Amino acid sequence: MSEDDDTRAERPTDPPPAPPAEARPRLFVVSGGKGGVGKTVLAANLGVYLASIGRRVLLVDADPQGGNAHTLVGVPGTQARCSRDPIDTAVPGLRLLHMGADEGLSGNRRKKSTRALFDELATFPACDYAVVDLGTATSRAAIAAFLRADAPILVTLPEPTALDSTYRVLARAFLARLLSRAERPGARLVIAQAARALGGVPPPLDLWRHLEDDGDPLADLVRAEMEAFRPALVLAQTRLRADLDLGEAVRSTVRRRLGLTLEYLGHIEYDDTVWSCVRSRKLLLVESPGTKAAKNIEKIARRLLAIESGKRRAQVRAVPPESHHDLLEVERGATDEEVRRAYKRSRDVYAPSALACYGLFEPLEIDALRARLDEAHDVLLDSQRRRSYELSVFPPSAEHDEPPELRGVQDEPLPPPPDLTPDTDFTGPILRAVRESQGMRLEEISQRTKVGLAYLVAIEADDFGALPAAVYVRGFVGELAKYLGLDSAQVARTYVRRLKRVAEEGRVR
């Protein structure tokens, strides 16, 4: 489907229904990790689009570094900063409110705090949408305001520094959101201590793994919030053809490293017309609606409204996190060709010099991830290994008992495999049952994995006293799980967690 076809497919035949008159306005908050990325241009022209489809729109300038949205809508700066009430603009249905987040011309203190300003917006009369130009989300107040949005939107550029800043904003925003939702007594303290142990503002996925390894029930809260927090992303000033794929690559890397799902709204092409409109203090969608950048913004606005109405959401695959299918971003029933295409795309996204990875992955982490991609590719293209692996990560069902190509094939009699689910806590006897169901010998596994035979025997016997430190056991169990076609992350995590629990209780022989 071409871009024009995609645009036509998303264009609604009728404008989306307006919110009820008595309802609070929907808050679209535009922010980012650094200045100069085009936040004000997007916010102002988004307001124009909403007004053009008959909505009552309030463009809110809440940039604490010195708001200048008034420049684009033709309102004198003195009038904007001195007025406490919305000001009409030349666009019907669009009003401007300078919220006094910066100091007045006479050096007066800001009119009200950012929190008070957003409290006021929540009950603002005669308004369907409030489009807020928040500026950079670098302060606690800005992060808190960003989290109050119905649609929090991050604007970034196809540049390393801009992407790095965006990733840091995402991590900070998630931690603030998580702390605000931790209602259990002492939960905030536990989360804050875990975050400090991981460096202060860790990737959400690292925080979840830390709590999961400790067996802390707060890990469930972290995972739930990771799935619920879905900010939107806009990539501005794209120049190269490769930039057109960068937004999806960023979405993929953020999901892989941070564990968060981004609603990618689209890109805005670099266009000198945007610069000339800003210079002449004009609105792009009013002065040059036929330009590529204007059409890009309109497409972004339509996608945003589609998400708001529930008609479009970034899809999250129904596969276990961290599984081979999740890593390659394919469904359980993916064909061999789909696996090959996904593998090629993933290798490009996670190349050592890939722009989307900057600020998220260290070189050694990229190497380890690419090794996991190779492993996922090899397992999913080997029918026998794939069957064993999928039995370990997917709940049993009549529809997917075994791949079609294996049904009716009867090998030499072997013990049946144990019942495995995504929630299985792996023990030594379970691992032994899996091995025996595949007709494998420990000597063969020891030779192939280079894990000592004595350690493999101890692992299957749950003889924790005969095993080395937990960090080494994690590696040994992971290698064993890989060879058996199991989810190595799940096996190692649950086995080592039980080992630590037994050690803490003093029951190690």
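Author: Let me start with one term: two strands are said to pair if DSSP finds at least two bridges between them. Please also keep in mind that this is a predicted model.

Reader: Okay, so what order do the strands of the sheet have?

Author: The sheet is open and has 8 strands, arranged in the order β3-β4-β2-β5-β1-β6-β7-β8, and the pairing is mixed. At the edges are β3, residues 87-88, and β8, residues 263-269, each of which pairs on one side only.

Reader: And how do β1 and β5 pair?

Author: Strand β1, which covers residues 26-32, pairs with strand β5, residues 129-136, in the parallel sense, and 7 bridges are involved.

Reader: Staying with α2, how far apart are its end C-alpha atoms?

Author: They are 20 Å apart, and this agrees with the 20 Å that 14 residues should span at 1.5 Å a residue. After the helix comes G54, whose phi is positive and near 90°.

Reader: Why is α2 said to be largely enclosed?

Author: Because 13 of its 14 residues are buried, α2 is largely enclosed by the rest of the structure.

Reader: Could we zoom in on T40: is it buried or exposed?

Author: T40, which lies in helix α2, has a relative accessibility of 17%, and because the cut-off for buried is under 20%, it counts as buried. The side chain of T40 makes a polar contact with the side chain of D133, at 2.6 Å. If we leave out residues up to four places away in sequence, T40 touches N68, A69, L72 and D133.

Reader: Now back to the strands: how many residues of β2 are buried?

Author: In β2, 5 of its 5 residues are buried, so the strand is mostly covered. Both of its faces are covered, with V57, L59 and D61 buried on one side and L58 and V60 buried on the other.

Reader: Which strands does β2 run parallel to?

Author: With β4 it pairs in the parallel sense over 5 bridges, and D61 has H98 in β4 as its bridge partner. Strand β2 is also joined to β5 by 5 bridges, and these two run parallel; here V60 stands opposite V132 in β5.

Reader: What is L134 in contact with?

Author: Leaving aside neighbours within four places in sequence, L134 is in contact with V29, V30, S31, A62, D63, P64, F118, A142, A145 and F146.

Reader: You mentioned a positive phi for a glycine; which residue has a positive phi although it is not a glycine?

Author: K450 is one of them, with a phi of about 65°, and its place is in the loop between α20, residues 442-449, and α21, residues 453-460. Another is D462, where the positive phi is about 55°, and D462 has its place in the loop between α21 and α22.

Reader: Are those two buried or exposed?

Author: K450 counts as exposed at 69% relative accessibility, whereas D462 counts as buried at 15%.

Reader: Last one: where is A492 found, and what does it touch?

Author: A492 is found in helix α23, residues 488-504, and it is buried, with a relative accessible area of 6%. Not counting residues up to four places away in sequence, A492 touches R474, V477 and G478. A492 and F426 are 66 residues apart in sequence, yet 8.1 Å apart in space from C-alpha to C-alpha.

Note on methods:
Residues are numbered from 1 along each chain as its sequence is written. This is a predicted model: local features need pLDDT of at least 70, side-chain atom pairs count only at pLDDT 80 or more; totals for chains, interfaces and linings use all residues. Side-chain values use heavy atoms; hydrogens and water are left out. Helices (H or I, at least four residues) and strands (E, at least two) are DSSP runs, numbered from the N terminus. The expected span of a helix is 1.5 Å times one less than its number of residues. Buried means under 20% relative accessible area, exposed over 50%, partly exposed in between (1.4 Å probe, protein chains only). Contact means heavy atoms within 4.5 Å. A polar contact is a pair of N or O atoms within 3.5 Å; within protein, one must be able to donate a hydrogen and the other to accept it, and residues adjacent in sequence count only if both atoms are side-chain atoms.
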